[in-house]
Amino acid sequence: MRLIDADELKKRAEKVCFADIPDCGDFDVVGVSDIDIMPTIDPESLRPTAHWIKRGYVCGENEYECSACHETEWRTSASRMKYCMFCGARMVNTDESL
Ligand SMILES: [Zn+2]
């Protein structure tokens, strides 16, 4: 499956009118070739991103707060938490070495 931006495709749609249809509304027509040239969307890029906010430190464990859902998790390092286990956000600052 290839994901495309339907909103972008709509912009390319052409309004046409059929003469043999009395109550002629506007028909949006999109060519198949238009679909072919639509950029592919990486589903991973649609996943919301967040980052861990370091809150506390006790006995080698850090408290990390998800910037998206504000749930907290105690871990020695955030490096293994690439995704929030609460809201599923993709963490963008997991490369920090602790
Ligand atoms: Zn979260």
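Cys84 is buried, at 4% relative accessible area. Buried here means under 20%, exposed means over 50%, and partly exposed is in between, with a 1.4 Å probe and protein chains only. Compare Cys87: 37%, so partly exposed. A word on the model. It is predicted, so local features need pLDDT of at least 70 and side-chain atom pairs pLDDT 80 or more, while totals for chains, interfaces and linings use all residues. Residues are numbered from 1 along each chain as its sequence is written, and side-chain values use heavy atoms, without hydrogens or water.

Now the zinc ion. Which residues hold the protein donors? Cys66, Cys69, Cys84 and Cys87, each through SG, at 2.2 to 2.3 Å from the ion. Donors are N, O and S atoms within 2.8 Å of the metal, or 3.2 Å for Na, K and Ca; water is not among the atoms, so sites may look incomplete. Along the chain the spacing reads C-x2-C-x14-C-x2-C. The angles between the four donor atoms run from 106 to 114°, so the arrangement is tetrahedral. For four donors, that term requires all angles between 85 and 135 degrees.

Next, the chain overall. It has three helices and seven strands. These are DSSP runs, numbered from the N terminus: helices are H or I with at least four residues, strands are E with at least two. From the N terminus, the order is α-β-β-α-α-β-β-β-β-β. Of the 98 residues, 20% count as buried. Contact means heavy atoms within 4.5 Å. Take the contacts between residues at least 6 apart in sequence: 35% of them join residues at least 24 apart.

On to the sheet. Three strands form an open sheet, ordered S4-S5-S6, with antiparallel pairing. S4 (52-58) and S6 are the edge strands; each has a single partner strand, so one side of each lacks a neighbour in the sheet. The twist from one strand to the next averages 25°. Two strands pair if DSSP finds at least two bridges between them.

S4 and S5 share six bridges. Within that pairing, Trp52 stands opposite Cys66, and Lys54 has Tyr64 as its bridge partner. On to S5 (residues 61-66) and S6 (residues 72-75): four bridges, again antiparallel. Here Tyr64 faces Glu73 of S6.

Most residues other than glycine have a negative phi. What is the phi of Cys59? It is positive, near 50°. Cys59 sits in the loop between S4 and S5, a hairpin with two residues between the strands. Cys59 is exposed, at 76% relative accessible area. His70 also has a positive phi, near 65°. The hairpin of S5 and S6, where His70 takes that value, has five residues between the strands.

Last, the core. How many residues make up the largest nonpolar core? Nine: Ala50, Trp52, Tyr64, Cys66, Ala78, Met81, Cys84, Ala89 and Met91. A nonpolar core is a set of buried Ala, Val, Leu, Ile, Met, Phe, Trp, Tyr and Cys residues joined through side-chain atoms within 4.5 Å. Cys66 and Cys84 belong to this core, and both are zinc donors. Ala50 is in contact with Cys66, Ser67, Ala68, Ala89, Arg90, Met91 and Val92, leaving aside its neighbours within four places in sequence.

Conventions: Tetrahedral: all angles 85-135°; square planar, octahedral: opposite > 155°, others 65-115°. Axes fitted to C-alpha atoms, helices over the stretch in contact; angles between N-to-C directions.
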